[in-house]
Amino acid sequence: MIVSQQFRLLNQEGHLASRAFLTGFQEMASIDYDRPGTVYSTLFQLSIALERLMKIVIILDHMAQHNFSTPTDKDLRRLGHSLIELYMATEKIGRRVGVLQGWFQTPAIQTEILSTLSEFARGARYFNIDQLVNGANNIDPLTRWFGVHMKLAKASLSYERKESIMARSRAHCEAFGLFGWEMGPKGQYDLTVDVTYELEVARVTRGHVVWSVIEILKPMYLVMGTLEDALHRAELAKGITPPVVPHMTEFFPFGMTDRSTAIRRKQWTSLFHIGGRV
């Protein structure tokens with residue numbers, strides 16, 4: 001199939017963003033706060049995925065409004081790595097093209113997830129080096145992400161479920177004589193029984209975080225579909241060949257995932273075979 005250079009580049013960007021999402025979901029579904037590397041991997045993949053997805057939407061919108069021309073490098077650099085600014089720009093596009101539902105506002109937990117990932121993308125990813133060399137005063141992304149996860153977890157679990165987890169945590173600590181204090185994922189010393197409880201609460205709600213991220217991208221998926229439809233109609237009307245815009249939504253089928261599936265699923269990278277060279 002003969003395609004244009006724009007088609008090929010958008011296609012490659014779709015592969016990049018899609019894989020970042022799937023890897024991020026899988027990392028989040030198995031995240032272990034006793035293994036910091038799993039947290040960093042999750043934050044890297046999800047922040048990259050959301051930034052790339054929103055920039056794809058912004059590029060498609062510009063093409064739809066300017067006869068298939070793309071925005072300049074300066075236009076995109078103006079938005080930088082701020083996921084908050086990108087989200088606002090994407091929401092503005094969405095509301096203009098008729099996607100009015102699914103956007104989140106403060107104090108929704110989804111906005112806290114987006115804000116934390118934005119902090120990571122803009123500088124918190126360098127936290128350890130910054131602290132070693134007296135650099136920027138960013139928040140530790142490990143404790144920041146754990147705090148957001150716990151806020152979501154406590155809202156997601158019933159009182160009975162949380163009491164059951166606490167009872168098991170007490171029994172575990174009593175059985176092994178764990179009555180001391182330790183540095184927990186909140187970045188402070190806490191009773192071992194409290195750390196045990198929080199880590200188990202986090203473990204059983206990893207899928208809830210995946211679902212919340214999918215909730216963030218769902219309206220973007222709809223906006224992308226609306227824009228690609230308009231661009232494909234314009235291609236046909238103007239007789240443009242070879243094609244300029246791929247079916248971008250095909251890279252993000254998980255945008256249609258339902259809540260129960262998102263919470264339950266552990267394996268994501270092998271779920272969708274998104275392949276093919278152009």
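## Tryptophan 211

Tryptophan 211 has a relative accessibility of 13% and therefore counts as buried, a class that takes in values under 20% relative accessible area, with exposed being over 50% and partly exposed in between, for a 1.4 Å probe and protein chains only. Tryptophan 211 is part of helix H10, residues 206-238, where helices are DSSP runs of H or I with at least four residues, numbered from the N terminus.

Leaving aside residues up to four places away in sequence, tryptophan 211 touches Lys218, Thr257, Asp258, Arg259, Ala262 and Ile263, contact being heavy atoms within 4.5 Å.

## Basis of the model

The model is predicted, so that local features need pLDDT of at least 70 and side-chain atom pairs count only at pLDDT 80 or more, whereas totals for chains, interfaces and linings use all residues. Residues are numbered from 1 along each chain as its sequence is written, and side-chain values use heavy atoms, with hydrogens and water left out.

## Helices H4 and H5

The axes of H4 (residues 83-96) and H5 (residues 109-122) come within 8 Å and cross at roughly 130°, the axes being lines fitted to C-alpha atoms over the stretch in contact and the angles running from 0 to 180 degrees between N-to-C directions. H4 and H5 are therefore oblique to each other, the class left after under 35 degrees (roughly parallel), over 145 (roughly antiparallel) and 65 to 115 (roughly perpendicular).

On the H4 side Leu83, Ile84 and Tyr87 meet Leu114, Ser115, Leu117 and Ser118 of H5.

Definitions and conventions
Helices (H or I, at least four residues) and strands (E, at least two) are DSSP runs, numbered from the N terminus.
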